[in-house]
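Dear colleague,

I am passing a structure on to you, together with notes on what I found when going through it. Please open it alongside this message, so that you can follow the residues as they come up.

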Amino acid sequence: MMQHGDVWRGVDLLAQKHGLSASGLAKLAGLDATAFNKSKRTSKDGRPRWPSTESISLALAAVGEEFTAFAALISGEPACVLPRLSTKDLHAPQVFDQNGRPVGKAWQNGSFPVSFKRDHLYVLEVHDTSLEPTYRRGDQLVVSPHIPAQAGNRVVVRSHHGDVLIGLLEADLNSSIHLKSLSLQHGTWVLDRHEVAWMARIVWLSQ
């Protein structure tokens, strides 16, 4: 259960992370300079006061952090930092190596409160409605190019032509793979094995 003291500790740690005091963070967020002061954390009769969701949102925006990073500060667990790419950049040249691992400067770092122990994981952030109703804009898909995919798994597939598809692996045969679209606008793609450069499994979803 989230505790009053944990949330305020998260505010203090967020400020410290960016070289600020609690009042400095408040001013940077456009709030009253005393909004995060220790004197504001309890009422005159001793009841706990909680920061508003609006003030937390403004503070995170001011320092360029996501709520997942703040959640990690609250829990006391270190955030897991993974390379992140918008799905609009999937077809850009030189964002993956031949094994489906991130390369190049298009990637940014994203923080997650979940501790992932696998190497080479990365995040694809959905930027439009093309994957609805399965995934929506803003969803973040954690992908592993090394965990084997089986029929029934959701996967990312890149062809030797540079096309990148995200779908449900219906069948993985010696000669072909059958990939069902996650959108209602498409059906099932059938790709010959020699067309597939690599296939990576979607292992986690952050909404």
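P133 lies in the loop between β3 and β4, where helices (H or I, at least four residues) and strands (E, at least two) are DSSP runs numbered from the N terminus. A cis peptide bond, with omega about 10°, joins E132 and P133. For background, most residues other than glycine have a negative phi, and most peptide bonds are trans.

Before going further, please note that this is a predicted model, in which local features need pLDDT of at least 70 and side-chain atom pairs count only at pLDDT 80 or more, while totals for chains, interfaces and linings use all residues. Residues are numbered from 1 along each chain as its sequence is written, and side-chain values use heavy atoms, with hydrogens and water left out.

Another backbone feature is at Q94, whose phi is near 60°, a positive value in a residue other than glycine. Q94 is found in the loop between β1 (80-86) and β2 (108-112), and it is exposed, with a relative accessible area of 69%; here exposed means over 50% relative accessible area, buried means under 20%, and partly exposed is in between, with a 1.4 Å probe and protein chains only. Not counting residues up to four places away in sequence, Q94 touches V103 and G104, a contact being heavy atoms within 4.5 Å. The C-alpha atoms of Q94 and M199, which are 105 residues apart along the chain, are separated by 16 Å.

V157, by contrast, is buried, with a relative accessible area of 1%, and is found in strand β5 (residues 154-159). Leaving aside its neighbours within four places in sequence, V157 is in contact with several residues, among them V164, I177, L191, W198 and M199. G100 is 57 residues away from V157 along the chain, and their C-alpha atoms are separated by 9.0 Å.

As for the chain as a whole, it has 4 helices and 9 strands, and from the N terminus on these run α-α-α-α-β-β-β-β-β-β-β-β-β. The C-alpha trace spans about 70 × 30 × 30 Å along its principal axes. The radius of gyration of the chain is 21 Å, whereas a compact globule of 207 residues would have one near 17 Å; this radius is taken over C-alpha atoms, and the globule rule is 2.2 Å times the number of residues to the power 0.38. Of the 207 residues, 40% count as buried, and among contacts between residues at least 6 apart in sequence, 56% join residues at least 24 apart.

In soluble globular proteins, nonpolar side chains tend to be buried together.
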